[in-house]
Amino acid sequence: MGLSGPLSATELAAAASSAAAARSRRFEPRRLLAPLSVLVLAGLWAATAWLLDSPRLFPSPALVLEAILREFRAGELLIHLGWTLMRVAVAFLLAMAIGAAIGIAMGRMALIDDFGRPWLLFFLNLPALVTIVLCYIWLGLGEVAAVVAVAINKIPNVAVTLREGAKALDQALFEMAQVFAVPKRLVLEHIVLPQLAPYFLAAARSGLALVWKIVLVVELLGRPNGVGFQIHSAFQLFDVATVLAYALAFMAVVQLIEWAGFQPLARRLERWRR
Amino acid sequence: MAALSVVVVRKRFPAVGAAPEKLVLHDLRFRVAAGETVAVLGPSGCGKTTLLNLIAGLDREFEGRIERPAGRLAFVFQEPRLLPWRTVEDNLRFVLDGVPDASARIRTALGEVELPEVGPVYASRLSLGMARRVALARALVVRPSLLLLDEPFVSLDQPTAWRLRLLLLELLARHRTTTLIVTHEPREAVMLADRILLLSAAPARLRAELAVPLSFDERREQARIEAVARALLPDLREPIAAEAA
Ligand SMILES: Nc1ncnc2c1ncn2[C@@H]1O[C@H](COP(=O)(O)OP(=O)(O)O)[C@@H](O)[C@H]1O
Ligand SMILES: [Mg+2]
């Protein structure tokens with residue numbers, strides 16, 4: 001450590017910011033690998049389609065793109081994407097809120113942890129399909145049943161993740177806050193949430209990936225719209241191009257959420273680390 | 001006029017698994033006057049941190065009675081215990097809820113520990129020496145009626161530790177805060193304290209109570225500190241010589 005504290009501190013801050021700038025400015029050939037791998041995949045797909053020469057059962061990328069454009073022009077694509085996205089959003093928020101509450105309670109209180117563990121195990125191992133069928137039977141073939149079924153599938157995963165986060169909360173910092181008589185709301189804002197944030201983010205990322213896949217199944221089994229419903233209709237016509245069109249379109253939406261939502265958020269949350 | 005009054009009849013940790021019940025503090029009584037700096041000196045593991053936790057109210061499981069002065073308490077822990085995900089300034093603001101002139105007080109406190117420019121730096125980016133100074137600033141910024149310090153300069157290199165002790169010496173003289181500092185380092189106790197409470201190994205009892213006959217200026221000379229330490233604590237001659245070497 002340098003003997004002149006102020007100097008070393010400013011040096012440190014300057015070093016940190018210039019390093020970050022250099023990282024974003026420098027050209028790295030490795031960055032080309034990801035786009036390259038996407039191109040290779042598309043190429044393999046196109047080559048296989050050409051070899052098989054069966055456009056109905058194994059359409060080329062061009063045909064799928066055509067199907068996407070056709071559905072878009074017909075106004076179908078956005079409507080069904082919209083329905084699915086809405087169900088994903090509601091189920092996701094429901095699962096995050098309830099799962100986090102359960103997980104944090106279990107992580108902080110040993111009695112609730114011991115009591116809740118068998119339940120958690122039960123719901124973790126309950127097949128998604130069973131939850132969906134039972135929800136439709138008990139709650140009727142409606143929107144509520146669809147969203148509840150998806151949320152129930154995700155809640156245990158969120159709870160497990162947040163339980164770990166709550167268990168890992170640093171006791172020493174709570175003691176510090178207690179000694180300095182810091183009010184509870186500040187403890188929540190400055191001690192609890194910053195430590196839980198990475199766990200929330202992890203649960204949200206894996207949650208989105210799981211939830212949208214289950215939503216498609218729910219739609220396939222009992223909804224008159226949405227990506228899952230469209231895939232089901234196309235399946236009955238053996239229209240593979242349309243199946244892939246809807247799947248790819250929704251995958252693109254999910255990836256967009258990752259890029260525009262989760263990644264910037266993760267960077268923001270990590271800023272304080274060395 | 002005692003600001004702090006401590007009576008610990010017994011403090012024990014219950015048996016856990018194979019570990020037997022452990023009596024850590026036994027029949028420990030002392031007072032600290034307002035404005036006085038008292039050092040509790042004892043070997044590692046004798047129960048010093050345990051004692052501070054009792055005084056701070058973090059541990060209420062003991063037989064005895066502790067009276068703290070009215071007003072705010074400040075604690076400089078053995079580790080800095082800053083919020084790494086907040087800036088230095090926000091770390092200080094964290095303990096100043098509802099204080100109207102918080103910003104000015106933060107500026108003054110950071111200036112006092114000679115870190116006037118680190119306000120906007122994340123606490124995670126500080127070296128240990130800087131983090132310890134920020135922890136000290138966080139303690140002083142609340143203008144405590146009682147300041148507790150738990151080996152605040154442990155695991156620093158000697159020149160840095162010496163510099164920080166000088167800094168603390170000045171700040172304690174300036175603010176006249178009632179202070180209890182816990183240490184296993186005899187020279188640190190002699191340098192900073194008006195009075196030293198010498199503890200035995202666990203279960204810690206009061207072995208001796210020693211007044212330190214040094215003026216403020218004398219406390220800034222290593223040779224004077226050394227001489228007084230040897231005179232006051234003859235049975236600690238070896239460890240002191242060893243550490244000086
Ligand atoms: N929570 C605890 N449970 C059981 N034993 C403890 C606990 N905390 C401290 N001890 C024991 O009490 C003794 C005193 O510890 P401590 O107060 O940390 O010592 P010091 O700060 O003087 O080095 C040690 O032997 C330690 O092992
Ligand atoms: Mg200790």
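Q: Before charges come up, which side chains count as positive and which as negative?
A: Lys and Arg count as positive, Asp and Glu as negative; His and the chain ends are not counted. This is a predicted model.

Q: What's the charge tally for chain A, then?
A: Chain A carries 24 positive and 17 negative side chains. The centres of the two sets lie 5 Å apart.

Q: Switching to folds. How many helices and strands in chain A?
A: Chain A has 11 helices and 0 strands. Along the sequence the pattern reads α-α-α-α-α-α-α-α-α-α-α.

Q: Is chain A spread out or compact?
A: Spread out. Its radius of gyration is 24 Å, well over the 19 Å from the globule rule for 274 residues, so chain A is more spread out than a compact globule. Its C-alpha atoms fill a box of roughly 75 × 55 × 30 Å along the principal axes.

Q: What share of chain A is buried, and what about its surface?
A: Buried residues are 36% of the 274 in chain A. The accessible surface is about 15900 Å², with 72% belonging to carbon and sulfur atoms.

Q: OK, chain B. How many helices and strands there?
A: Chain B has 8 helices and 9 strands. Its radius of gyration is 18 Å, close to the 18 Å that the globule rule gives for 245 residues, so chain B is as compact as a globular protein of that length. The C-alpha trace spans about 45 × 45 × 40 Å along its principal axes.

Q: What about contacts in B between residues 24 or more positions apart?
A: They account for 70% of the chain B contacts with a separation of 6 or more.

Q: Now the metal. Which protein donors does the magnesium ion have?
A: Thr49(B), through OG1, and Gln78(B), through OE1. They lie 2.0 to 2.5 Å from the magnesium ion (ligand 2).

Definitions and conventions:
Residues numbered from 1 in each chain as written. Chains lettered and ligands numbered in written order. Predicted model: local features only at pLDDT ≥ 70, side-chain atom pairs only at ≥ 80, totals over all residues. Heavy atoms only, no water. Helix = DSSP H or I, 4+ residues; strand = E, 2+ residues; numbered from the N terminus. Rg over C-alpha atoms; globule rule 2.2 N^0.38 Å. Contact = heavy atoms within 4.5 Å. Donors = N, O, S within 2.8 Å, 3.2 Å for Na, K, Ca; no water. Buried < 20%, exposed > 50% of the residue type's maximum accessible area, 1.4 Å probe, protein only. Areas by Shrake-Rupley, 256 points an atom, 1.4 Å probe, with all protein chains shown as cover. Charge placed at Lys NZ, Arg CZ, Asp CG, Glu CD.
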